[in-house]
Amino acid sequence: MREKLGFLVCVWFLLCRSCSGRFVVEKNSLKLTSPESLKGVYECAIGNFGVPQYGGTLVGTVVYPKANQKACKGFDEVDITFKSRPGGLPTFVLADRGDCYFTLKAWNAQKGGAAAILVADDKDEPLITMDTPEEENADATYLQNITIPSALITKALGDSIKKALSDGGMVNMNLDWTESLPHPDERVEYEFWTNSNDECGPKCDSQIEFVKSFKGAAQILEQKGYTQFTPHYITWYCPEAFILSKQCKSQCINHGRYCAPDPEQDFSKGYDGKDVVVQNLRQACFYKVASESKKPWLWWDYVTDFSIRCPMKDKKYSKECADQVIQSLGVDLKKIDKCIGDTEADVENEVLKAEQDTQIGKGSRGDVTILPTLIINNRQYRGKLDKGAVLKAICAGFEETTEPAICLSGDVETNECLENNGGCWQDKAANLTACKDTFRGRVCECPVVQGVKFVGDGYTRCEASGSLRCEINNGGCWKKTQDGRTFSACAEDHLQGCKCPPGFKGDGVNSCEDVDECKDKLACQCPECKCKNTWGSYDCSCGGGLLYMREHDTCISKAANTNYSWSFVWIIILGLAAASVAGYALYKYRIRRYMDSEIRAIMAQYMPLDSQADIPVHHAPRGDT
């Protein structure tokens, strides 16, 4: 009895500590489009079961059943169905809170053909998160089969909808999850708060199954740099008054600092809570060491292999078995043992201390109080722990147009570009389109092809731009070959736009028509000219032996032209000859003057010349020295 009492006190303390934390209710928006009196946007709390349509929307009409209004039994028992008729909107069932679990209400609505369930609160209070049943009721087989989204609405909104329906109005609603998860950039950061315990019932089984099924997708996303994944583990500390008790010693390591509940909730048999803490620590250290070696995705292999090779039921949940798994994956065992340290010492463990600090929420995330918990871009995921549902939520965390290919597969989303090209611009001849499929829908964005950027609104127009634009489908311009000649409206010296070449007229995009220069009297108009139109040009000839000069649009005599040409040649020759004679005479003159000056200078050194004046000679007086 004392053991039981001590255990209950310890659990009470831990629960109180959790309750004192800040739990964040994750919400999505609910938009009522009719009737007029209810039009507006409201908040609703996302249920922690089923499959919320993260990144998407769901439009439907609300029905409040005349019987079974709390949805605690199958609607087939009261002869009610919510299956939509062909061409009709999906049905959202409005159910009252109370008398049975939220999950059972959702399951009954789903079996009745509903597309979603709205649960109206039965009292005025802040919205809460609808969760799965407690452990003793968690073995219901339907829990993992719930696929419709669920939401809790306030009592006031529920009453307003009921009144509108009772008055004969039609209530149309749009459930919107597009902003339920932040999607700031091209990388998603997500955390998985889990446990190595495999004897805690359906929740532990669902964790293990999720890890096994999601491993492949998680490793691809991580290896290619699309995501940054971090596993986490919840631990508690033992109250100081109970540190030396049998209960704390069996549930805790490091002198009561890090604890986990007994797996079987029976201290007299099986494994202890401290065994779970040590294995949690080993998994956290494995991730730390694998990350240091640039292979964090090996964590998925280790956890999967450990669950298969070292289960509690086979009495293999031990260090020896874990070490064999670690060695098989080629991770440094000594580094992991060093990370774990001495679990009996009265000291803090660096890894587990960091885990406890991280458990406390910051910003919009809130404290981690539900196990397992998935956090995507610092926002807690709500819904079924299922590969498809979680992958959709992760894909909703990417900035639009940056999603990896796995997010655009048919199993995850519908390619909206396949129908009518998504309403975007398209060039069927060149197989070009502005429609870009995204996880959230589609965007109309002019493409970049072989280094050539297309510009435009993406819906009705996209034009190639840049110096290489004519290489891609001729820049979207008109082009035609006829009679062995090719003309194009795309000019390489123009960065964008289309212009019909000389000899043509039109828009340059769809057509360029030949201009009839003869008919329109644009050329070959001299009296002697004879004009003949050709494709893209014209031929002009002259009668009476005359020659046509195209640049002057005139006819001249061939003889006159010949005489004129020879006269011009003789003028050039005579001019060159005259220039040569004048140049030679100038050369001779300058040479002669140069030689005369040199001779005069030499002779002036030896005899006076006639042109030199007498130079007086001065004699010094006698007696001078």
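Is Lys288 buried, exposed or partly exposed, and at what relative accessibility? In this predicted model, Lys288 counts as partly exposed because its relative accessibility is 32%. That value lies between the 20% and 50% limits that separate buried from exposed residues. The side chain of Lys288 meets that of Glu292 in a salt bridge, with an N to O distance of 3.1 Å. Both residues belong to helix α6, which spans residues 273–292, and because they are four residues apart, about one helical turn separates them.

The structure holds 14 salt bridges. Another of these joins Asp121 to Arg97, where the closest N and O atoms are 2.9 Å apart. Distant parts of the chain are linked by this pair: Asp121 sits in the loop between β5 (116–120) and β6 (150–153), while Arg97 sits in the loop between β4 and α2, 24 residues apart. Asp121 and Arg97 are both buried.

Arg97 also forms a salt bridge with Glu125, and here the closest N and O atoms are 2.8 Å apart. This pair again links distant parts of the chain, with Glu125 in the loop between β5 and β6 and Arg97 in the loop between β4 and α2, 28 residues apart. Arg97 counts as buried because its relative accessibility is 18%, whereas Glu125, at 25%, counts as partly exposed. Through shared partners, salt bridges join Arg97, Asp121 and Glu125 into one network.

With a relative accessibility of 69%, Asp99 counts as exposed. Asn254, likewise a residue other than glycine, has a positive phi near 50°. Asn254 is placed in the loop between β10 (252–253) and β11 (258–259), and its relative accessible area of 2% makes it buried. A cis peptide bond, with omega of about 0°, joins Ser34 and Pro35; Pro35 lies in the loop between β1 (27–34) and β2 (40–46).

Finally, a hairpin deserves a look. Strands β25 (residues 529–534) and β26 (residues 537–542) run antiparallel and are joined by six bridges. Lys530 stands opposite Ser541 of β26. Two residues lie between the strands of this hairpin, and Gly536 in the turn has a positive phi of about 90°.

Definitions and conventions:
Residues are numbered from 1 along each chain as its sequence is written. This is a predicted model: local features need pLDDT of at least 70, side-chain atom pairs count only at pLDDT 80 or more; totals for chains, interfaces and linings use all residues. Side-chain values use heavy atoms; hydrogens and water are left out. Two strands pair if DSSP finds at least two bridges between them. Buried means under 20% relative accessible area, exposed over 50%, partly exposed in between (1.4 Å probe, protein chains only). A salt bridge is a side-chain nitrogen of Lys or Arg within 4 Å of a carboxyl oxygen of Asp or Glu.
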